Amino acid sequence: MAKLIIIEDDPFLLSILAEKLKEAGFGIEMAADGEDGLNKIKSEDFDLVLLDIVLPKINGFKILEELRGDNQLKKIPVIILSNLYDKNSIDKAILLGAKEYIVKAYNTPEEIVLKIKSFLNKEGIN
Amino acid sequence: MSKQEEDDSLLRERQKEIVENIMEGLVAHTVDGRILIVNEAAEKFLNARFAEIKGKKIGEIDNPSQLLRAVFTPMEDRKELAFSFKDGLGQELFYQIIQVPLSQERGEILKIIRDVSRAKYLDRMKNEYITMMSHKILTPLTNIKWAAGILSGDNLDEQKKQGSVKNITDNANKLIEFTSHLLNIAEIEEGLFGYKFEKVDMAELAEEIIKNYRQEAFQRGIKILIDDPKKNFYFVRGDKNRLGSAMANYIDNAVKYSLDGGQIEASLHQDKYTVWFSVKDGGVGVSPESAGYLFTKFFRDKRAKAVHTEGTGAGLFIVKNIIEKHGGKAGYDPIKTGGSLFYFTLPTYKEEK
């Protein structure tokens with residue numbers, strides 16, 4: 001059973017994502033700010049990180065940079081879940097190592113779960 | 001000199017002055033690239049003196065700047081070509097170069113150079129602004145969309161239902177508030193912000209405004225006190241709604257950025273000419289480097305962002321505008337022990353003859 005961490009500062013969106021992903025059979029950890037998220041990634045093992053960009057304390061771009069700079073942590077795939085949909089943000093995130101970029105407003109929670117499932121299947125992570 | 005010759009000479013003088021004084025850079029050269037004319041603006045852009053490059057081709061010039069090289073790249077007539085470079089300080093500069101044929105028989109060509117860095121900068125600011133605004137709108141909308149999804153699903157217990165409905169309402173209100181901020185700003189820019197002046201009792205108004213925040217404050221254990229709420233005492237001439245908005249903005253900020261269990265103190269003072277209203281809190285405070293920018297449009301201090309990523313930052317700008325329209329001043333004082341004091345002053349009410 002794959003273990004995911006969701007780093008998202010909006011409490012309602014976080015709770016819905018967590019619930020839907022748990023229903024889909026994933027192990028879920030949550031963080032409501034960048035600092036907490038980064039600490040948890042460093043101290044626990046995750047198969048996938050779901051990362052918002054606009055976050056209190058440390059933003060998503062900084063987190064991507066930190067993960068990329070660590071030999072172990074850079075192996076963990078990161079999918080961005082953000083409401084920034086401009087080309088600059090998307091390009092920057094992909095350049096910093098994010099595997100996929102999902103704009104929350106354009107998707108229902110169910111659609112996001114499907115995208116995550118298909119990504120993990122593609123990567124051979126279960 | 002005959003009259004005709006005098007006129008011609010004067011005309012040539014004028015044309016020379018025009019060429020020398022316009023903002024655009026002008027470089028005239030032969031078909032095979034020999035430089036004929038370089039005006040003052042071009043000298044500045046190209047970082048070269050006319051005297052030194054006159055009569056030379058690009059290949060014969062020592063250390064030509066990137067822009068000078070760009071001037072001699074092959075291009076089509078009357079088609080703007082864009083070039084950008086980083087200068088010595090790492091700043092990005094943007095130029096447009098346009099080729100215009102001069103004399104066919106003499107085989108001469110004109111290059112017009114425009115510095116469009118400022119236009120580019122403003123364009124980028126506009127795009128960043130649009131991106132920022134879109135994000136502020138999309139987040140509440142995502143909440144509404146997902147909450148509606150929950151309501152239309154199965155497994156709906158009462159708690160989930162209530163939570164979702166509240167979420168939709170709260171976020172719709174956020175969007176309404178944000179939209180009205182945006183409109184306020186647009187109106188301020190157009191000077192359309194209409195005011196209706198009357199005699200206003202500041203203590204009464206303050207109490208009315210604070211009442212709206214009592215419940216939220218209570219839920220977080222925050223006390224709102226008002227120092228010297230003497231009615232019938234502090235009078236100003238003002239637009240009651242607008243002054244109420246200004247007070248509400250200060251109280252709202254104090255509540256939002258206060259820590260749970262903290263205390264907020266509103267006060268009123270006056271002397272012969274001035275009424276002073278302030279709101280003090282013991283919350284996150286404002287970082288010192290930001291203090292000067294607080295009342296500017298859409299600025300948000302990093303400490304505020306760390307607590308509350310989605311504030312609009314539009315409020316203080318509107319407060320400043322309102323207070324200045326009343327002949328007063330709005331400002332901020334940091335508190336040494338942590339927290340903020342936001343105040344505004346207004347002229348005391350004077351009976352009109």
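## Basis and confidence

In this predicted model, local features need pLDDT of at least 70 and side-chain atom pairs count only at pLDDT 80 or more, while totals for chains, interfaces and linings use all residues. Residues are numbered from 1 along each chain as its sequence is written, chains are lettered from A and ligands numbered from 1 in the order in which they are written, and side-chain values use heavy atoms, with hydrogens and water left out.

The predictor's confidence in each residue is given as pLDDT, on a scale from 0 to 100. Chain A averages 94, with 99% of its residues scoring at least 70, and chain B has a mean of 87, with 93% of its residues at 70 or more. Within chain A, confidence is lowest in helix H4 (residues 87-95), at a mean of 94, and highest in strand E3 (residues 48-51), at 98. For the complex, the predictor gives an ipTM of 0.90 and a pTM of 0.58.

## Where the chains meet

Counting as contact any heavy atoms within 4.5 Å, 17 residues of chain B touch 22 residues of chain A. The two chains bury about 1700 Å² between them, 67% of it on carbon and sulfur atoms; buried area here is the accessible area (1.4 Å probe) that two parts lose on being put together, summed over both.

One salt bridge is found across this interface, the term meaning a side-chain nitrogen of Lys or Arg within 4 Å of a carboxyl oxygen of Asp or Glu. Its side chains belong to Lys160(B) and Glu19(A), at 2.8 Å from N to O. Helices H5 (117-151) and H6 (158-190) of chain B each supply at least two residues to the side of chain B that touches chain A, and H5(B) gives the most, with eleven residues. Helices (H or I, at least four residues) and strands (E, at least two) are DSSP runs, numbered from the N terminus.

Strand E3(B) is joined to strand E4 (residues 92-101) of chain B by six bridges, the two running antiparallel, and Phe83(B) stands opposite Tyr95(B) in E4(B).

## The mixed sheet of chain B

Another open sheet of five strands in chain B has the order E7-E9-E10-E12-E11, with mixed pairing. Its edges are strand E7 (223-227) and strand E11 (329-334) of chain B, each with a single partner strand, so one side of each is left without a neighbour in the sheet. The twist averages 15° from one strand to the next.

Strands E10 (residues 274-281) and E12 (residues 340-347) of chain B pair in the antiparallel sense over eight bridges, and Phe277(B) has Phe344(B) in E12(B) as its bridge partner.

Methods:
Pairing = 2+ DSSP bridges. Axes fitted to C-alpha atoms, helices over the stretch in contact; angles between N-to-C directions.
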